[in-house]
Structure formats: structure tokens, C-alpha cells
Amino acid sequence: MRDNGNRAGNGDGTGRGVARTCRTEVVVDAPAEAVWRVVADVTRTSEWSHECHRVGWLRGAVSAAPGARFRGYNRSGRLRWSRVCEIVEFEPPHRITWRTVATPLFPDSTDWTIALERSGSRTRVVQTYRMRNTPAWFRWLVGRLVPAHLDRGGDLTDDLRRLGVIAAREAHAAPTRP
């Protein structure tokens, strides 16, 4: 696995709040199809995420598709919270994007994208997030309550590495077809 170390900062030059954008990238020792099977099933996010510990579909959804909603249950230290998310882009087997849905308690909305690119028998996995319409006060508050969110690049890179290990294990365990 190779970490290209591509990360972006908080986007405001102050270092005072949660980063508005971030990009992480790794090359994993698993075929793109195997990585996609894990990524496309958002209910499996807890297997590889450092923060999300459970995901459940909402409104009768059972798989990823544009408009499908799910709730992610997260934790960081002692804090626990959940967010409703909506799939906004789904291009098998290359890209999935979901957006957190703003609420009075969580006025931010963040687009999260995972994109896959074949690299021989390996896969380049790129994860990005971009905060949309997020009040500066909220970014500041989250930075104080969840200090790990001030620089998420390392944790998100580690998530992608775990994703690659799971996909590689499953790809090697899958029976070969004649």
C-alpha cells in the first residue's frame, strides 16, 4: 500500500477551525471490484472507519443509489452523534458521494466522495470531503469539541488503508471462477 500524502488544510489560513476540505489517497493491494464491494455497501463503513461505528438505511432504502438516505452513528472520544446522509452520486464501480443533511443542531453540510481508479492489480483510493454552507462558528465549535477534526488527513488515510486490507482479504478469500 502506498500513501501519497495528498492532504489539504482548513482552507481559511487561520488554523482555528475544522478543515473545510481534505483529500487523502492510498494505493491498496486489492482489485477495484473488491474495494468497490466494500465501499458501495455503506452499512460496512464501520468496518474500516475510525469514527463511524454503525450505519443504517432510512426510508426503506436497502442499497446505494442517488437519493437513498442513511444514518451514520459516530464517536470520537466521549462524544457520540449521528448524521443523516444522502447519496448524491453513485457511479459503479468508480465513485460514490454522499452529503450530510443539515439540521438545526448540525447546520453544516459536507460532501464526502470515495473514488476508485485501477492501478494494475491494485487500486488507487481517493477520499475527499468538502464542507458546504458551514458557518465559521460551527467549524470553530467542532474544532474545540472534537480536536481530532482539526486535521483529519492522518485518520482518513488510515481508514483507507483498513478499507484496502478488508477488500484484499475478501478478494483472496473469494472462490475463483473457471
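Me: Where is the place of Arg59?
Reply: This is a predicted model. Arg59 has a positive phi of about 55° although it is not a glycine. Its place is in the loop between β3 and β4.

Me: Is Arg59 buried or exposed?
Reply: Exposed means over 50% relative accessible area. Arg59 has 73%, so this residue counts as exposed.

Me: Which class of accessibility does Leu58 fall into?
Reply: Leu58 is in the loop between β3 (52-57) and β4 (69-76). Buried needs under 20% relative accessible area, and exposed needs over 50%. Leu58 has 25% relative accessibility, so the residue counts as partly exposed.

Me: What separates the C-alpha atoms of Leu58 and Arg69?
Reply: Leaving aside neighbours within four places in sequence, Leu58 is in contact with Arg69, Phe70, Arg71 and Val84. Leu58 and Arg69 are eleven residues apart along the chain. Their C-alpha atoms are separated by 5.4 Å.

Me: In what order do the elements of the chain run from the N terminus on?
Reply: The chain has three helices and eight strands. From the N terminus on, they run β-β-α-β-β-β-β-β-β-α-α.

Me: How many residues of strand β7 are buried?
Reply: Buried residues make up 44% of the 178 residues in the chain. Strand β7 spans residues 109-119 and is mostly covered. Of its eleven residues, the buried ones number eight.

Me: Which residue of β7 is the bridge partner of Arg99?
Reply: Strand β6 (residues 95-100) and β7 run antiparallel. Five bridges join them. The partner of Arg99 in β7 is Asp111.

Me: What is the phi of Gly120 in the turn of the hairpin?
Reply: β7 and β8 form a hairpin. Two residues lie between these strands. Gly120, in the turn, has a positive phi of about 70°.

Me: Where is Asn133, and is this residue buried or exposed?
Reply: Phi of Asn133 is near 50°, a positive value in a residue other than glycine. Most residues other than glycine have a negative phi. Asn133 is in the loop between β8 and α2 (136-145). With a relative accessible area of 69%, Asn133 is exposed.

Me: What is the omega of the peptide bond from Pro92 to Pro93?
Reply: Pro93 lies in the loop between β5 (79-91) and β6. Most peptide bonds are trans. The bond from Pro92 to Pro93 is cis, with omega near -10°.

Me: How are α1 and α3 oriented to each other?
Reply: The axes of helix α1 (residues 32-40) and helix α3 (residues 153-173) come within 8 Å. They cross at roughly 120°. Roughly perpendicular covers 65 to 115 degrees, and roughly antiparallel starts over 145. The two helices are therefore oblique.

Me: How do the residues of the contact of α1 with α3 divide?
Reply: α1 passes α3 in a right-handed crossing. From α1, the contact takes Ala34, Val35, Val38 and Val39. From α3, it takes Leu163, Ile166, Ala167, Glu170 and Ala171. The residues divide into eight nonpolar, no polar and one charged.

Definitions and conventions:
Residues numbered from 1 in each chain as written. Predicted model: local features only at pLDDT ≥ 70, side-chain atom pairs only at ≥ 80, totals over all residues. Heavy atoms only, no water. Buried < 20%, exposed > 50% of the residue type's maximum accessible area, 1.4 Å probe, protein only. Helix = DSSP H or I, 4+ residues; strand = E, 2+ residues; numbered from the N terminus. Pairing = 2+ DSSP bridges. Axes fitted to C-alpha atoms, helices over the stretch in contact; angles between N-to-C directions. Parallel < 35°, antiparallel > 145°, perpendicular 65-115°, else oblique. Left-handed = near helix turned anticlockwise from the far one by under 90°. Contact = heavy atoms within 4.5 Å. Nonpolar A, V, L, I, M, F, W, Y, C, P; charged D, E, K, R; others polar.
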